[in-house]
Amino acid sequence: MPNTVHLSDVQLLNLSVLMTIQASIKKDPVAACYRFNLTDDQARRVEGLGQQQLQTIVANRGDESLFKLRDDFWPLLDAPPGLQVPLSTVRFAGTLSTVAEPRSMPRRESA
């Protein structure tokens with residue numbers, strides 16, 4: 001019998017998002033921290049996780065989503081398609097002024 005783990009739809013979504021974040025960090029850590037609202041330490045932790053660790057994390061969470069919908073998700077869907085991006089951007093820009101301390105950005109060592 002193979003040791004295949006069958007993941008639910010929610011677990012597959014969690015794994016996909018974690019892998020996307022990890023790939024983004026490896027490609028451009030500064031941009032990834034900005035896009036996914038990560039600190040330098042958080043980015044390093046996600047980047048250092050192996051595939052088996054990612055699978056273990058999602059398999060042990062059950063059907064609980066690790067990533068929640070944004071609080072204005074439904075109003076954005078109700079907005080005309082041409083206004084969704086500007087409304088989203090305005091909301092995001094408004095939240096930046098409420099951040100208590102700036103996120104630290106990761107630095108790559110030169111080879």
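This report covers the fold, the core and the surface of a predicted model.

Local features here need pLDDT of at least 70, and side-chain atom pairs count only at pLDDT 80 or more, while totals for chains, interfaces and linings use all residues. Residues are numbered from 1 along each chain as its sequence is written, and side-chain values use heavy atoms, with hydrogens and water left out.

**Fold.** The protein has 6 helices and 0 strands. Helices are DSSP runs of H or I with at least four residues, and strands are runs of E with at least two, numbered from the N terminus. Of the 111 residues, 21% count as buried. Buried means under 20% relative accessible area, exposed over 50%, and partly exposed in between (1.4 Å probe, protein chains only).

**Core.** The largest nonpolar core holds 7 residues: I21, I25, A32, C33, L38, A43 and V46. Such a core is a set of buried Ala, Val, Leu, Ile, Met, Phe, Trp, Tyr and Cys residues joined through side-chain atoms within 4.5 Å.

Leaving aside residues up to four places away in sequence, A32 touches S24, I25, N37 and L38. Contact means heavy atoms within 4.5 Å.

**Surface.** The protein exposes about 8500 Å², with carbon and sulfur atoms supplying 58% of it. Accessible areas come from the Shrake-Rupley method with a 1.4 Å probe; for residues, only the protein chains shown count as cover. F67 lies in the loop between helix 4 (51-59) and helix 5 (73-78). F67 counts as partly exposed because its relative accessibility is 32%.
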